[in-house]
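This report walks through one protein model, strand by strand and contact by contact. Keep the structure open while reading.

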Amino acid sequence: MKQVLVLYASTHGHTAKIASRIAETLEGAGVSTDLRRADARTDLAPSDYAAVVVGASIHAGHHQREIVDWARRHATSLGAMPSAFFSVSLSAADDTDEARATARKYLDDLVEETGWTPARTASFAGALQYLEYDFFTRLLIKMMMRRGGHPTDAGQDYDYTDWGAVERFGRRVAELLPAAAATS
């Protein structure tokens with residue numbers, strides 16, 4: 001059986017951690033994975049895989065361009081196979097109707113922009129990674145977080161990700177595969 005591609009874009013490394021946990025969950029279900037970071041030159045063919053999981057984080061209201069462009073180029077192939085997409089944003093950290101609507105809009109925007117409708121989608125809360133940010137980004141994020149009532153102590157990071165939800169998503173992706181794939 002072919003592997004499952006787990007392709008992601010990550011600016012500060014947190015989406016990479018989530019993609020890695022999804023790959024580990026798939027491996028734990030007996031599914032072989034190929035975990036890859038996307039860049040502007042990424043041109044992996046979805047047809048080389050049994051399924052594809054794609055992930056990106058939100059920055060300035062949009063998913064990373066390299067993921068959007070790749071998904072648009074391969075929308076037809078992705079739509080014809082088991083596929084999934086996960087989005088990572090701080091807006092998903094708030095348990096409000098407004099935050100859920102914002103997270104849903106990010107997913108809807110991806111579908112509209114790429115023409116690809118994944119079989120499974122998820123929105124995960126990201127992290128405030130103050131220790132990773134440059135001075136200007138740290139200052140900007142602190143101002144935004146202060147307005148939203150979030151932590152502004154830049155001496156530490158804050159992880160809002162529900163790791164149990166990440167693992168449940170990985171298991172839901174495994175369910176998309178034929179039974180034989182989980183034993184290969």
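A residue is called buried when its relative accessible area is under 20% and exposed when that area is over 50%, with partly exposed in between. The model described here is predicted.

Strand β3 covers residues 51-59, and eight of its nine residues are buried. The strand is therefore mostly covered, given that buried means under 20% relative accessible area.

## The hairpin and A60

Strand β4, residues 62-63, pairs with β3 in the antiparallel sense over two bridges. Here H59 stands opposite H62 in β4. The two strands form a hairpin with two residues between them.

A60 is found in the loop between β3 and β4. Is A60 buried or exposed? With a relative accessible area of 79%, A60 is exposed. Its backbone also deserves a look. Most residues other than glycine have a negative phi. A60 is not a glycine, yet its phi is positive, at about 55°.

## S83 in strand β5

S83 lies in strand β5. Its relative accessibility is 1%, so S83 counts as buried. What does S83 touch, leaving out residues up to four places away in sequence? The contacts are V52, L78, W116, P118, A119, R120 and L176.

S83 and D162 are 79 residues apart in sequence, and their C-alpha atoms are 22 Å apart.

## Aromatic pairs

A search of the whole structure finds six aromatic pairs. One of them joins F86 and F169, whose ring centres are 6.3 Å apart and whose planes stand at 70°, so the pair is edge-to-face. This pair links distant parts of the chain: F86 is in strand β5 and F169 is in helix α6, residues 163-174, 83 residues apart. Both F86 and F169 are buried. Ring pairs also link F86, F124 and F169 into a cluster.

Another edge-to-face pair is formed by Y130 and Y133, with 6.1 Å from centre to centre and 80° between the planes. Y130 has a relative accessible area of 0% and is therefore buried. Y133 counts as buried too, at 7% relative accessibility.

D34 is found in strand β2, residues 33-37. Why does D34 count as buried? Its relative accessible area is 14%, and the limit for buried is under 20%. Leaving out residues up to four places away in sequence, D34 touches Q3, V4, L5, V6 and Y49.

The side chain of D34 also meets that of R36 in a salt bridge, 3.0 Å from N to O. R36 is partly exposed, with a relative accessible area of 35%.

## Salt bridges in helix α4 and elsewhere

The structure holds 13 salt bridges. One of them joins R104 and D108, with the closest N and O atoms 3.2 Å apart. Both residues lie in helix α4, residues 97-114, and they are four residues apart, about one turn of the helix. R104 counts as partly exposed at 41% relative accessibility, and D108 counts as partly exposed at 38%.

In helix α4, D109 and K105 are likewise four residues apart, about one turn of the helix. Their side chains meet in a salt bridge of 2.8 Å, N to O. D109 is partly exposed, with a relative accessible area of 29%, and K105 counts as partly exposed at 46%.

## A nonpolar patch on the surface

Which residues form a nonpolar patch on the surface? They are F135, F136, L139, L140, M143 and M144, with about 630 Å² of accessible area together. M143 is found in helix α5, residues 135-148. At 40% relative accessibility, M143 counts as partly exposed.

Methods
Residues numbered from 1 in each chain as written. Heavy atoms only, no water. Buried < 20%, exposed > 50% of the residue type's maximum accessible area, 1.4 Å probe, protein only. Pairing = 2+ DSSP bridges. Patch = residues over 30% accessible without salt bridge, like charges linked within 9 Å, V, L, I, M, F, W, Y side chains within 5 Å. Areas by Shrake-Rupley, 256 points an atom, 1.4 Å probe, with all protein chains shown as cover. Salt bridge = Lys/Arg side-chain N within 4 Å of Asp/Glu carboxyl O. Contact = heavy atoms within 4.5 Å. Phe/Tyr/Trp six-rings, centres within 6.5 Å; stacked < 30°, edge-to-face > 60°.
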